[in-house]
Amino acid sequence: MFIHTLFILSLLFASSHALDFCVGDLSLPPGPAGYPCKKSTSVTENDFVYSGLAAAGNTTNIIKAAVTPAFDAQFPGVNGLGLSVARLDMAVGGVIPLHTHPGGSEILVVTEGTVAAGFVSSFDNKVYYFKTLKVGDVMVFPQGLLHFQINAGKTKATAFVFFSTQNPGLQITTFALFKNDLPTEIVETVTFLDEAQIKKLKGVLGGTN
Ligand SMILES: *[C@@H]1O[C@H](CO)[C@@H](O)[C@H](O)[C@H]1NC(C)=O
C-alpha cells in the first residue's frame, strides 16, 4: 500500500511539474503551437532568464532603429506561455515603419525619450495616433493591426513591447511590398503606386524585378 501511494504521488508530481511550463527545445523545429518541450530534467533557471535585452540594438541602418526580440526562439522559457517581450531602440530620426504582428496584441512602455505611435483600424481605416508618449506612458496595439512608432524627440528613444503571444511575428509593410522579387508591374497593380517609386524602393531595400 505504501509503495502504491508513493507511486501515485510520484506520478502526480511528475505530471504537475510537466504542466508548469514547456521550455522550448530550440534544437527541434517549432510547430504552430511553438517548440516541443525540453525534457524537464534538463531545464534550469537559466531557461527563465534572458539578458539579451540589456543592451541597445544597433540603430545604424535604414530605419535608424532596432527591434531586439525575446520571443520563443530567443527566450525558450516563454514557450507555451502565450507572452513575450522585445526592446525597441530608436536613434534621433528613427522609426519602426508601418508593420503588423499577425500573432498577438502589443503593449508598449516608453523607458527613454519620447515616442509618437499609432495604429490603423481595420474596419474604417481610422488612425489612432498619439503624438507624444513620454517615459512611463503605455500604449496598446490590437492584434494584427498596422501600426508604427517614431522617435519624436531630439534624443534617443527606448521602449519595451510586450506581446500576448510567444511569437508575434513581424511584417513591415514597406519591406513586404518592395524587398521582394514580385515584378514591378504586379506591385503597381496591387498598390496603385507608380513604377518609378516602386523601382526606387526596390533599389533601396534590395528588391528585384
Ligand atoms: C552596427 O551596424 C553597422 C551596419 O551594419 C556596422 O557597420 C557597425 O559595425 C555595427 N556596430 C556595432 C557596434 O556592432
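Two strands pair if DSSP finds at least two bridges between them. In this predicted model, strand β4 (residues 106-112) and β7 pair in the antiparallel sense, over 4 bridges.

β4 and β7 belong to an open sheet of 5 strands. The order is β1-β2-β9-β4-β7, and the pairing is antiparallel. β1 (65-70) and β7 (138-141) stand at the edges. Each has a single partner strand, so one side of each is left without a neighbour in the sheet. From one strand to the next, the twist averages 20 degrees.

**The surface patch**

I107, V138, V140 and F162 form a nonpolar patch on the surface. F162 sits in strand β9 (residues 157-163). Is F162 buried, partly exposed or exposed? F162 counts as partly exposed because its relative accessibility is 39%, and that class lies between the cut-offs of 20% and 50%.

**The domains**

The domain assignment divides the chain into three entries, listed here.

| Domain | Residues |
|---|---|
| domain 1 | 2-42 |
| domain 2 | 64-169 |
| domain 3 | 176-205 |

How far apart do the C-alpha centres of domain 2 and domain 3 lie? The separation of these two centres is 26 Å.

**In brief**

β7 is an edge strand with a single partner. That strand pairs with β4 in the antiparallel sense.

Conventions: Residues numbered from 1 in each chain as written. Predicted model: local features only at pLDDT ≥ 70, side-chain atom pairs only at ≥ 80, totals over all residues. Heavy atoms only, no water. Domains from an automatic or database assignment. Patch = residues over 30% accessible without salt bridge, like charges linked within 9 Å, V, L, I, M, F, W, Y side chains within 5 Å. Areas by Shrake-Rupley, 256 points an atom, 1.4 Å probe, with all protein chains shown as cover. Salt bridge = Lys/Arg side-chain N within 4 Å of Asp/Glu carboxyl O. Helix = DSSP H or I, 4+ residues; strand = E, 2+ residues; numbered from the N terminus. Buried < 20%, exposed > 50% of the residue type's maximum accessible area, 1.4 Å probe, protein only. Axes fitted to C-alpha atoms, helices over the stretch in contact; angles between N-to-C directions.
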